[in-house]
Amino acid sequence: MKKDELIKLAKNTYAEADVLELDFAIDVATKAHQGQKRKSGEPYITHPLAVAANLITWGMDTDSVIAGILHDTVEDTDLTLAEIETNFGADVALLVDGVTKVSQARSGMRILDSYLPQTKDNLSKLLIAVGQDIRVIIIKLADRLHNMQTLQYKSPAKQKKIAQETLEVFAPLADRLNMGRVRVQLEELSFKYLNPHEYLKTKQLLDSRVRKSNRKLNAVRRAVGNKLNDEKISHTIDGRIKSVYSLYKKLDRVGNIDDIYDLIALRIVVEDVEDCYLVLGVLHDMYQPMFDRIKDYIAKPKANGYQSLHTTVTTPQGQIVEFQIRTHAMHEYAERGLAASFYFNEQKLTDAYREKQLAELPGDLRWIHDLQTAAAHARAGKTYSAEDLKLGLFEDRIFVFSPKGDIYDLPFGSYPLDYAYRVHSDLAARASGFMVNSTMRSFDYVLQHGDHIEVLTNKSAKPKQDWLSLVKTPHAKDKLKSQLRRQNGGILRQFAAAIPRRKK
Ligand code: MN
């Protein structure tokens, strides 16, 4: 990606003044990265420019695009956050700071990676907690996508590691934000690097099936199109081909490709919700539906907010076809997800639509609702307020750091002993005090988000009964109780040994 290509892309989307600011940001970043090269041998600046291009394509606001251009400067060049704030404002600085913090925190987590099985989950939480402005996560996704697109220049070991992390963390994150297109891109690239043999095999299988069914499918498509025109329902129809990775996963579950009915789905996009149900009726008039495969994701959206009607029918010729029916707004949202909410003149997703769509989210996905609301507020206001987008997504959890920089997440209200028991119960057992952010703290200190903790130990220290009121997590309580039992048991045994045994 070159500067003039990016400027051209930006001109199609943003106002002139914004493009000028982008232009300036590119010059600043180019100067800062001067002399640095990517693994491909290209000048480093090609990477931030590609990241920015992704963000423009996804419909992000200009602050995010500028932050994308500058995203690696604070970590890798002499440019400071203060200079960014002076030149581009507080919001851009906040975003760049968030992106930098995520990658710094990541290096702290590396040690943790090797022995904590729940790390994947932790990483997602971390990304969200550190990047409290959701745009930080979207910039990280743009960054990761370009890194995946240029992964061929890395060593095979690095390729596998990065691809694995992309598949386990970044693709699901994109899914949670309902950024369907990005999720598929990340999955396909990861799969290709993780399992090139299976990727190729599955792709060939998919391609040959698609070729075979395409001609028959075109006949169905024409018939449906004519019928909908007769009914005066304005619509577009296109085919959506299943992704290689999702076919691979499904084959793993189902076993036989003949039992998979949605290799190609016909997607019908209409004006409004009423038309969606009308189309469903028309299809069921024309063809025999498979009743257990009718899904109403409009009345009951998927957890990430996805909406559509799905139905699978059998044609008189015995062909099985899946249809997906949705409105333009639903289609837009399914493809671009949350990023689309930031588009500066995005009008299609009304707040009422959003509210209705999100009203039925299960409790643990409430954060999506909060996030959407914040995005909507930001969109409605003339300016973005940083406060609007700072979300307490994980209000009930705090993140603390070990002296080595490892990250632990604990429930809100945890004590230093909870941390110590999480690290190791032997360490906790010998605790005599705690240094928190270089200050001595007592056992009843309540940990705060971002605290750095060191456990001070003493060989003769022992777990005490009154510690039970100084731990909050069930894990620490269990460990402490069993230590106390062992200790007391020990005393009882000694006591018992001191009593002379009586013989009968
Ligand atoms: Mn980067």
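Asp-23 has a relative accessible area of 23% and is therefore partly exposed (buried means under 20% relative accessible area, exposed over 50%, and partly exposed in between, with a 1.4 Å probe and protein chains only). The model is a predicted one, in which local features need pLDDT of at least 70 and side-chain atom pairs count only at pLDDT 80 or more, while totals for chains, interfaces and linings use all residues. Residues are numbered from 1 along each chain as its sequence is written, and side-chain values use heavy atoms, with hydrogens and water left out.

The structure holds 16 salt bridges, a salt bridge being a side-chain nitrogen of Lys or Arg within 4 Å of a carboxyl oxygen of Asp or Glu. In one of them, Asp-23 meets Lys-3, at 2.8 Å from N to O. Because Lys-3 belongs to helix α1 (residues 3-11) and Asp-23 to helix α2 (residues 16-32), this pair ties together parts that are 20 residues apart in sequence. Helices are DSSP runs (H or I, at least four residues), numbered from the N terminus. Lys-3 is partly exposed, at 29% relative accessibility.

Asp-91 and Arg-135 form another salt bridge, with their closest N and O atoms 3.8 Å apart. Asp-91 lies in helix α7 (residues 90-113) and Arg-135 in helix α9 (residues 134-149), so parts 44 residues apart in sequence are tied together. Both Asp-91 and Arg-135 are buried. Between Arg-144 and Glu-165, the closest N and O atoms of a salt bridge are 2.7 Å apart. Here helix α9 supplies Arg-144 and helix α10 (residues 156-176) supplies Glu-165, so the pair ties together parts 21 residues apart in sequence. Arg-144 and Glu-165 are buried as well.

Next come the rings. The structure holds seven aromatic pairs; rings of Phe, Tyr and Trp (its six-membered ring) pair if their centres lie within 6.5 Å, and planes under 30 degrees apart count as stacked, over 60 as edge-to-face and the rest as tilted. Phe-24 and Phe-88 have ring centres 5.3 Å apart and planes at 35°, so their pair is tilted. This pair links distant parts of the chain, with Phe-24 in helix α2 and Phe-88 in helix α6 (residues 81-88), 64 residues apart. Phe-24 is partly exposed, at 38% relative accessible area, whereas Phe-88 is buried, at 6%. Elsewhere, ring pairs link Phe-191, Tyr-199, Tyr-245 and Tyr-248 into a cluster.

Methods. Helix = DSSP H or I, 4+ residues; strand = E, 2+ residues; numbered from the N terminus.
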